[in-house]
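Colleague: I am new to this structure. Please walk me through how to read it.

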Amino acid sequence: MMFTLVRTERFEQEIKKSRFLAHAAPAGSEEEARRVIAAGSSPDAGHNCWAFRIGDIYRFSDDGEPGGTAGRPILQAIEGQGLDRVAVVVSRWFGGILLGAGGLVRAYGGTAASCLKAAEREPIVDYATLSIACAFAEEARIRSSLGSFPGTQVETTGFTADGVQLRVTLPRDRVEDFTRMVTDLSRGQAVIGPVGDRG
């Protein structure tokens, strides 16, 4: 199971007189990740290096540091902790002592990892949306049985001559159990189909 952050987290440390400040936050889209990076970047820092991962989309930037010494280690910190839908920016104020490529990798990756370790996280639940066409009498039975499916939302989307149309959004890993229950309650009369997905 993958996790994301509950809220924004910050972590600061000094390494050989350079100051490193990490700013990590949840991000559900690339646009949101770029807003997190903009908000977390410090205008007076020498470098604002960043990375984000949202599903199969990932980006990173060394922001003027030697190639591969900042953005990629930040991304590896995100991936190494089983996180997704997360953006991290690490700002650096140079303290006068060169860290070298290995030192930069450890500083940026370590600062990001420490920030992420301190952050509260929550599991990412993948949702599916189903449409159900059923008789009026079955609607009440279906709605009353939803208590055994936490996190499920149901709304009435229309009516037919024979009954009602519902849209049900529930965790994807419960779709099979839910479909079986609706089929049993309606004695196979309800029509169930996919509407779309949302993660």
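Colleague: Is strand S3 enclosed or open to the outside, and why?

Modeller: Start with the terms. Helices (H or I, at least four residues) and strands (E, at least two) are DSSP runs, numbered from the N terminus. Buried means under 20% relative accessible area, exposed over 50%, and partly exposed in between (1.4 Å probe, protein chains only). Now the case. Seven of the nine residues of S3 (residues 18-26) are buried, so the strand is largely enclosed by the rest of the structure.

Colleague: What should I know about the numbering and the model?

Modeller: The model is predicted: local features need pLDDT of at least 70, side-chain atom pairs count only at pLDDT 80 or more, and totals for chains, interfaces and linings use all residues. Residues are numbered from 1 along each chain as its sequence is written, and side-chain values use heavy atoms, with hydrogens and water left out.

Colleague: Which strands pair with S3?

Modeller: Two strands pair if DSSP finds at least two bridges between them. Strand S2 (residues 9-15) pairs with S3 in the antiparallel sense, over seven bridges. Gln13 has Phe20 in S3 as its bridge partner. Strand S6 (residues 86-93) is joined to S3 by eight bridges, and these two also run antiparallel. Here Phe20 stands opposite Arg92 in S6.

Colleague: What links S2 to S3?

Modeller: They form a hairpin with two residues between the strands. Lys16 takes a positive phi near 45° there.

Colleague: How does the whole sheet line up, and which strands are at the edges?

Modeller: Read the order across. It is S2-S3-S6-S4-S5, an open sheet of five strands with antiparallel pairing. S2 and S5 (57-61) are the edge strands, since each pairs on one side only. From one strand to the next, the twist averages 15°. For angles, axes are lines fitted to C-alpha atoms, for helices over the stretch in contact, and angles run from 0 to 180 degrees between N-to-C directions.

Colleague: How many bridges join S4 to S5?

Modeller: Five, and the two strands run antiparallel. Ile54 stands opposite Ile57 in S5.

Colleague: Which strands does each helix touch?

Modeller: Contact means heavy atoms within 4.5 Å. H2 packs on the sheet and touches S4, S5 and S6. The direction of H2 makes about 40° with that of S4. H3 lies across S2, S3, S4 and S6, and runs at about 145° to S2.

Colleague: How do I describe two packed helices?

Modeller: Use the angle between their axes and the distance between the axes. H2 and H3 pack at about 30°, with axes 8 Å apart. Angles under 35 degrees count as roughly parallel, over 145 as roughly antiparallel, 65 to 115 as roughly perpendicular and the rest as oblique. H2 and H3 are therefore roughly parallel to each other. Residues that meet include Ile74 and Ala77 in H2, and Tyr108 and Leu116 in H3.

Colleague: Which residues have the most contacts inside the largest nonpolar core?

Modeller: First, the idea. A nonpolar core is a set of buried Ala, Val, Leu, Ile, Met, Phe, Trp, Tyr and Cys residues joined through side-chain atoms within 4.5 Å. The largest core has 24 residues, and Ile74, Val88, Val90, Tyr108 and Leu116 have the most contacts inside it. S3, S4 (47-54), H2 (71-80), S6 and H3 (100-118) each supply at least two of its residues. H3 gives the largest share, seven residues. Apart from this core lies another, of 16 residues, including Ile132 and Val164.
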